[in-house]
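Let's take a friendly walk through a protein model. Have a look at the sequence and the fold, and then we will visit a few spots together.

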Amino acid sequence: MIASYLLIVLLAATPILAIANLAFAQHAGALVAAIMLAIAARGPEAEIASTAPLLKRFAPAILIPVVWMVLQTFPLPSSLAHPIWSATSIALNDPLLPGRISLDPGATLRSLFLYLADVSLVVSTVILAKDRHRAETILFVLCAVTTFMSVEVLLGRLDLLAGMLPDASAPTSSFPAAAALATVANAALVARAIERHLHQQDIRNLASVPLWLGLLCGLFGIAAAVAAMASLARGTLLAAVGLGLTVIVFIAATRRLGFRSWPSAILFVVLVAIAGALAVQRLQSGDSGLLGLVSFAPEAAALAGRLLSDAPRLGIGVGTFALASRAYQDFGAAAVAVPPSSAVLIAIESGRLALVILAGFAAQLFFFTFRGAVRRGRDFFFASAAAAGVLLVFCESFLDASLLSPAVRIIVAVTIGLGLAQSAGRTSGLKR
């Protein structure tokens, strides 16, 4: 299928997109995602029919960001619009100048286009990954790409190659996030190797080549990813990775013990308690608020802190951070301001309430993939990787701004689509 080949090529190109120009990477990824969706939508009727009920379940999570970004560009009463519009109206002596939430409606519409491209990639992956063999191929490529990016980080720390690779310690760098996602992808590869071996007739044959090949490849990927994050001194990110790996281990144990839905609630409470304890400890030792979780120098987050404190409750408009930050930079500053974390960016551009809504959507996605992994048959590792990936990405959104990278968004979209597609199957409803 042409769409599946395009998906493989797009995944394989993520290391290149990670070091390419941001605008080129965004437009290239959006173009390929649109073509994939157009081709995948013309695929077998059975795959399309099974995808529709799944997408209806997540329709609010998909549509609310679209509605909000469109609303930010519409003329609104002065009480809801950003104060800069009323000030501009007075300065220009134009009382009919419409006020909007967004400082730059054009930038918000461009962000809406990129968001729809990411949704197209998720939907295309769901359609394509309904086939188990295609899903396995996607998982293999996902492991190879993220492991390769982790190795790139390690090579970039060498004096011989220093400067040849992009700075992996920047807030918007895609390499720490790729390394974090490499751990859950390779953990799923290890789970696949063990599960396939347990379903063989001769499970006592420990000399099985597929078993050891899967174990060694998966463990090498995990080791490379952990080493990459350790070399970047990202201790908090390593703690988030530990939570993600805990999800996969817990799912495997739950399936073996024959439990069902209630362990997911227990796991969620435990993970939230652990993450909350880590967050409180970090906040007590540093700055307060969202900036207390950022793993970068305080001066790098100072500008974002001022923007966050001055942002209206409805935000300043998605995609307008760079424009608004110019008013807070020193005169003649050449460097382009970047947000210290994705959570800070969302709070500034969409309002703090948007963080609560997105957390609810993340919880819905986590519970769905977690339940699918527990109820699934021997292919549970796809959904377990997605559940761990959702938790990991949610935690990392408070640590850095890697979700601004097109390469990271591609990896996240494919991981989620893969897990959603394989969250239900012929054995998903059977009791053990």
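Contact here means heavy atoms within 4.5 Å. With that in mind, S150 touches A179, A182, A224, A225 and A228, not counting residues up to four places away in sequence. Before going on, please note that this is a predicted model, where local features need pLDDT of at least 70 and side-chain atom pairs count only at pLDDT 80 or more, while totals for chains, interfaces and linings use all residues. Residues are numbered from 1 along each chain as its sequence is written, and side-chain values use heavy atoms, with hydrogens and water left out.

**A serine in a helix**

S150 sits in helix α8 (residues 132–156); helices are DSSP runs of H or I with at least four residues, numbered from the N terminus. Is S150 buried or exposed? Its relative accessible area is 0%, so S150 is buried (buried means under 20% relative accessible area, exposed over 50%, partly exposed in between, with a 1.4 Å probe and protein chains only). The side chain of S150 also reaches the backbone oxygen of T146 at 3.0 Å.

**A cluster of rings**

The structure holds seven aromatic pairs. Rings of Phe, Tyr and Trp (its six-membered ring) pair if their centres lie within 6.5 Å; planes under 30 degrees apart count as stacked, over 60 as edge-to-face and the rest as tilted. Here are two of the pairs:

| Pair | Type | Centre to centre | Angle between planes |
|---|---|---|---|
| F250 and F370 | tilted | 6.5 Å | 35 degrees |
| F366 and F367 | edge-to-face | 5.9 Å | 65 degrees |

The pair of F250 and F370 links distant parts of the chain, 120 residues apart: F250 belongs to helix α11 (residues 235–257) and F370 to helix α16 (residues 352–375). F250 is partly exposed at 28% relative accessible area, whereas F370 is buried at 0%. In the other pair, F366 is buried at 3% and F367 is partly exposed at 30%. Ring pairs join F250, F366, F367 and F370 into a cluster.

**Two packed helices**

Two packed helices are described by the angle between their axes and the distance between the axes. Helix α9 (residues 175–198) and helix α17 (residues 380–396) pack at about 160 degrees, with their axes 9 Å apart. That makes α9 roughly antiparallel to α17 (a term for angles over 145 degrees). Residues of α9 including L181, V184 and R192 meet residues of α17, among them F381, L392 and V393.

Technical notes: Helix = DSSP H or I, 4+ residues; strand = E, 2+ residues; numbered from the N terminus. Polar contact = N/O pair within 3.5 Å; in protein donor to acceptor, adjacent residues only side chain to side chain. Axes fitted to C-alpha atoms, helices over the stretch in contact; angles between N-to-C directions. Parallel < 35°, antiparallel > 145°, perpendicular 65-115°, else oblique.
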